[in-house]
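Q: I have a structure open that I have never looked at before, and I'd like to go through it slowly. Could you take me around?

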Amino acid sequence: MENNIEIRTIEEDRKIQEYSQRLRDLRKDGETRVADLKIEIAALKKNQLMEAADREREVEARKADLEKAKSIAAAKKAEVNALAKEAVSYVNSASKPIEEAVNAKQNARMAKAKAYYQKEVEEIKANGEKRKEKIRSEFSSGDPKVLKSELSVADYETKSALFDAKSRYNHEIDKCKAAKNQAYVDHVQKNRELRNGKTNFAEDVKMKWLNYKTNFRPSQFFLSNGLYITILIFFIVCIILAPLQGAGNLLTLPNILTILEQCSTRMFYALGVAGLILLAGTDLSVGRMVALGSVTTGLILHPGMNIVSFMGMGPWDFSPIPMLARVLMALILSIILCAAFSAFAGFFSAKLKMHPFISTMSTQLIIYGLLFFGTSGTPVGSIDRGIKDLIGGRWLLGYLANGQAITFPKLIIPAIIAVIVAWLIWNKTTFGKNMYAVGGNAEAASVSGISVFWVTLGVFIMAGVFYGCGAFLEAFRANASAGTGQGYEMDAIAACVVGGISFNGGIGKIGGAVVGVIIFTSLTYCLTFLGIDTNLQFVFKGFIILAAVTLDSLKYLKKK
């Protein structure tokens, strides 16, 4: 080292301090000034205490300064980048011996802690045995119940001492791991500072890995991932058994695409119900919503005269209407009807604090009765073949060596779009943040200024929109009737729970719902592929749901 002194942290290296100061000086009138001015302009625009004219004048003045700062930043950009690169390179070389020294010191400390812990455990056990022998000798001729009670107390105190010793050992090990991790965190933070806040992919990956190793707990890992590990093992067993039973190879591209096609419409239902589960609710009306939207779509897109009348009205013939107009009409009506019924249930839950279990069950019964009474349970028939192939068909990708065609299901595309839209709503909007707040603690959210009523009602309406889109596409997969979608609510709810969206509210991610749908659909497909009876498939699903909710409850209790 150039400093001729022992460097204990990056911050103590004088050369790094010089690099930091030089970069601060270079950025002061350029990059730093640009960032400060942007914050000032944003604050001025929100300032309601100033007169509009004064506020506009101040904003314009800041914008002029901003342009000047940007020109300075542009002029010094090459010099700043070169110096930052040089500084980061030096930090990387200077950090290596420091991190190695910290790791060596903490490893020695961990080894010492382990040896001390092992010795302490031996002493506690030996003392426990001595105490028990003493108790046996003192109470050997006395009352057996007293002897048993004294031995039980001795065992309890020994176990308590062992638990305390292990807690002290784990605490010491955690401190050592944290110190090792912090050495690299300091290194990365210094590099980010020199790069003016810019991150580096390799550094981020390594830091995440070190954080994971530092905080890794086997019990927590299996609590969080035990279900997924079990399901993965199940799928591996199915893949192995399929050829042995003569069912063929399960893990082929056509099979995978078929699974994804089956996931496509179910994805909409899971995305809808996921928001309600995030609010610590549920939705039992999903299946009836599917029937409502599918029947509507089937009636409008049926070629020629319908065979179904509704409430004595009809039958209708929508074929004279241009195809594009019919498709839009079917989609919009499906969304409007599902959103309206969902909002109806949501109003009672949001306004009257009625549990969604009751409000959505009531909505389910209303829709069920209206559809069966209105259509007499008659299927609406097939959809016009041209539009069915256009939206619900497949693209030919090629052929396998055995001549089997590889086709890509078109329904996968709208499902992907739905996932992206849902992710953006949940993660990039104020409404999404409010969903988490209300789901986590509705009272605290209300105190902080969030309208619990409108957030709850909004989630119900959003769910209805997803149901409407999914129901529209469902009509392209089968002849719709009042019985379409039977049991879909269970699959949607189960997929969300398996995907980690907690019934306790405020916990979960859209990615979890997506993974849950894929897992559940794959499970059904695998069991069918192996020829397992449909009734037994419900048993498998039941155990998976039970296991998922049990693990969720255990995690929730552990947090409390």
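A: What follows is a chat about salt bridges, a cavity, a surface patch and a few loop residues.

Q: What should I know before we start?

A: This is a predicted model, in which local features need pLDDT of at least 70 and side-chain atom pairs count only at pLDDT 80 or more, while totals for chains, interfaces and linings use all residues. Residues are numbered from 1 along each chain as its sequence is written, and side-chain values use heavy atoms, with hydrogens and water left out.

Q: Okay, how many salt bridges does the structure hold?

A: There are 19 salt bridges, where a salt bridge is a side-chain nitrogen of Lys or Arg within 4 Å of a carboxyl oxygen of Asp or Glu. Side chains of opposite charge can pair when their charged atoms come close.

Q: Which residue does Arg24 form a salt bridge with?

A: Arg24 pairs with Glu193, and their closest N and O atoms are 3.7 Å apart. Arg24 lies in helix H1 (residues 14-28) and Glu193 in helix H4 (residues 144-194), so this pair ties together parts that are 169 residues apart in sequence. Helices here are DSSP runs of H or I with at least four residues, numbered from the N terminus.

Q: Which residues are linked with Arg24 in a network of salt bridges?

A: The network links Glu11, Arg24, Lys190 and Glu193.

Q: And what about Asp204, which residue does it pair with?

A: Asp204 forms a salt bridge with Arg192, and the closest N and O atoms are 2.6 Å apart. The pair links distant parts of the chain, with Asp204 in helix H5 (residues 201-215) and Arg192 in helix H4, twelve residues apart. Asp204 counts as buried at 19% relative accessibility, whereas Arg192 is partly exposed at 23%.

Q: How far apart in helix H3 are Lys132 and Glu129?

A: They are three residues apart in helix H3 (residues 52-139), which means that about one helical turn separates them. Lys132 and Glu129 form a salt bridge whose closest N and O atoms are 3.9 Å apart. Lys132 is buried, with a relative accessible area of 14%, and Glu129 is partly exposed, with 44%.

Q: Changing topic, how many cavities of 30 Å³ or more are there?

A: The count comes to one cavity of 30 Å³ or more, and about 80 Å³ of space lies in the largest cavity. On a 1 Å grid over the protein atoms alone, a cavity is a set of points where a 1.4 Å probe fits but cannot get out, and lining residues have an atom within 4 Å of a point. Grid points are joined across faces, edges and corners, and the volume is the space filled by probe spheres set on the points.

Q: Which residues line the largest cavity?

A: The lining consists of Arg266, Tyr269, Tyr488, Asp491, Ala492, Ala495, Val517, Phe520 and Thr521. Helix H7 (253-278), helix H16 (488-498) and helix H17 (510-529) each supply at least two residues of that lining, and the largest share, four residues, comes from H16. By type, the lining divides into six nonpolar, one polar and two charged residues. In that division, Ala, Val, Leu, Ile, Met, Phe, Trp, Tyr, Cys and Pro count as nonpolar, Asp, Glu, Lys and Arg as charged, and the others, Gly among them, as polar.

Q: Which residues form a nonpolar patch on the surface?

A: Phe222, Ile229, Leu232, Ile233, Ile236, Val237, Ile240, Leu241 and Leu244 form one, with about 830 Å² of accessible area together. Patches are made of residues with over 30% relative accessible area and no salt bridge, with nonpolar side chains (Val, Leu, Ile, Met, Phe, Trp, Tyr) joined within 5 Å and like charges within 9 Å. The areas come from the Shrake-Rupley method with a 1.4 Å probe, and for residues only the protein chains shown count as cover. Ile240, one of the patch residues, lies in helix H6 (residues 218-244).

Q: Last one, where does Asn196 lie?

A: Asn196 lies in the loop between H4 and H5, and its phi is near 60°, a positive value in a residue other than glycine. Ala280, in the loop between H7 and helix H8 (286-301), also has a positive phi, near 65°.

Conventions. On a 1 Å grid over the protein atoms alone, a cavity is a set of points where a 1.4 Å probe fits but cannot get out, and a pocket is an open set with protein on both sides within 12 Å along at least five of seven lines; lining residues have an atom within 4 Å of a point. Buried means under 20% relative accessible area, exposed over 50%, partly exposed in between (1.4 Å probe, protein chains only).
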